[in-house]
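Here are some notes to go with the model. I have kept them as numbered points, so that you can follow each one on screen.

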Amino acid sequence: MSGTEVPVEKCLENYEYIFQKNILKDKVAFITGGGSGICFTIAEIFMRHGCDTVILGRKMDRLQLSAQTLQQATGRRCLPVQMDVRQPKMILAAVDAALNEFGKIDFLINGAAGNFLCALDRMSFNAFKTVMEIDALGTFNVSKVVYEKYMKAHGGVMINITATLHFRGTSLQTHAGSAKAAIEAMTRHMAVEWGQHGIRVMCVAPGPIADTEGMQRLGGSTVSGDARKMLEDNIPVRRLGQRVDIADICLFTVTRGGDLLTGTTIVGDGGSMLTDDNSVMRMNLLKSLL
């Protein structure tokens, strides 16, 4: 792919419906990071169930292409809006655009994130700060604006996409793990304070998800054949996750089936966290490859 080429996301060729196809009929979802990766698929699955979406990110050309793809595959409306989660003025304008287009925001998916492999002793001040600002501060910024402009008066569901990095401490992931831990603490506070307004706030934490750019960038692209089989055999459910797995978890969370879920984290990793090698030997091996 050349430097000027826009990455193309693809919708699922086949999708097995677990819920009624109209379970989110005429709902509206506001999805940061929705132009790519897991959040693109969350947008797709919500739209396949009758939801309209607003997808947000920093690259408008990618958002526009993704919005067209989603609309063609699902028949629902998708509004692409350029936004940086670190910029409150951009967030205010984006939420206004969503409300002008659709009149409401029923679901907020905070999925914008930044990550890379870096040993703690080699990490710059700015590298750590940047990931904390995108992930943790960005989640606060967007949630605050959506709360004040719509959900305080009308209720809704917020889902913050986190990870499992911070549960045990993961090598080369101090910045991302710290940000996700902050988001999970923030989620509990939001759930306590905003529940009285009819707002549920949840975290969904993906484990290793095969069909993501993040998995490729963080080492997944080198895993194939026998090596991949060994990786999968070490996961209790004997497979890597797929983006649609996380999208289906989010779908359940926003339905009536999730009405008692708030202030906690759903871990979607097939049990990987229980059996994954998190040893010092593995850490030193990974550091040697950087």
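1. Gly 50 touches Lys 21, Leu 24, Lys 25, Asp 26, Lys 27 and Arg 76, leaving out residues up to four places away in sequence; contact here means heavy atoms within 4.5 Å. Gly 50 sits in the loop between helix 1 and strand 2 (52–57). Its relative accessible area is 10%, so Gly 50 is buried (buried is under 20% relative accessible area, exposed over 50%, partly exposed in between, with a 1.4 Å probe and protein chains only). From Gly 50 to Phe 40 there are 10 residues in sequence and 16 Å in space, C-alpha to C-alpha.

2. A word on the basis of all this: the model is predicted, local features need pLDDT of at least 70, side-chain atom pairs count only at pLDDT 80 or more, and totals for chains, interfaces and linings use all residues. Residues are numbered from 1 along each chain as its sequence is written, and side-chain values use heavy atoms, with hydrogens and water left out. Helices (H or I, at least four residues) and strands (E, at least two) are DSSP runs, numbered from the N terminus.

3. Have a look at two backbone angles. Asp 26, one of the contacts of Gly 50, has a phi near 65°, positive although the residue is not glycine. Asp 26 belongs to the segment before strand 1 and is partly exposed, with a relative accessible area of 40%. Leu 172 also has a positive phi, near 70°, and is found in the loop between helix 5 and helix 6. Leu 172 is buried, at 5% relative accessible area.

4. Which residues touch the most other members of the largest nonpolar core? They are Ile 42 and Phe 46, in a core of 32 residues (a nonpolar core is a set of buried Ala, Val, Leu, Ile, Met, Phe, Trp, Tyr and Cys residues joined through side-chain atoms within 4.5 Å). Helix 1 (37–48) and helix 9 (243–254) are among the elements that each supply at least two residues of this core. Helix 1 gives the most, with 8 residues. Beyond four places in sequence, the contacts of Phe 46 include Leu 24, Cys 51, Phe 107, Ala 247 and Val 254.

5. Helix 1 and helix 9 pack at about 50°, with axes 8 Å apart; the axes are lines fitted to C-alpha atoms, for helices over the stretch in contact, and angles run from 0 to 180 degrees between N-to-C directions. Helix 1 is therefore oblique to helix 9 (under 35 degrees is roughly parallel, over 145 roughly antiparallel, 65 to 115 roughly perpendicular and the rest oblique). Among the residues in this contact are Ile 42 and Phe 46 of helix 1 and Ala 247 and Leu 251 of helix 9.

6. Helix 1 also packs with helix 2, at about 30° and with axes 10 Å apart. That angle makes helix 1 roughly parallel to helix 2.

7. Finally, helix 6 (residues 174–194) has 21 residues and reaches 30 Å from first C-alpha to last, close to the 30 Å expected at 1.5 Å a residue; the expected span is 1.5 Å times one less than the number of residues. Its buried residues include His 175, Lys 180, Glu 184 and Trp 194. Helix 4 (125–154) and strand 6 (199–206) are among the elements covering the buried residues of helix 6.
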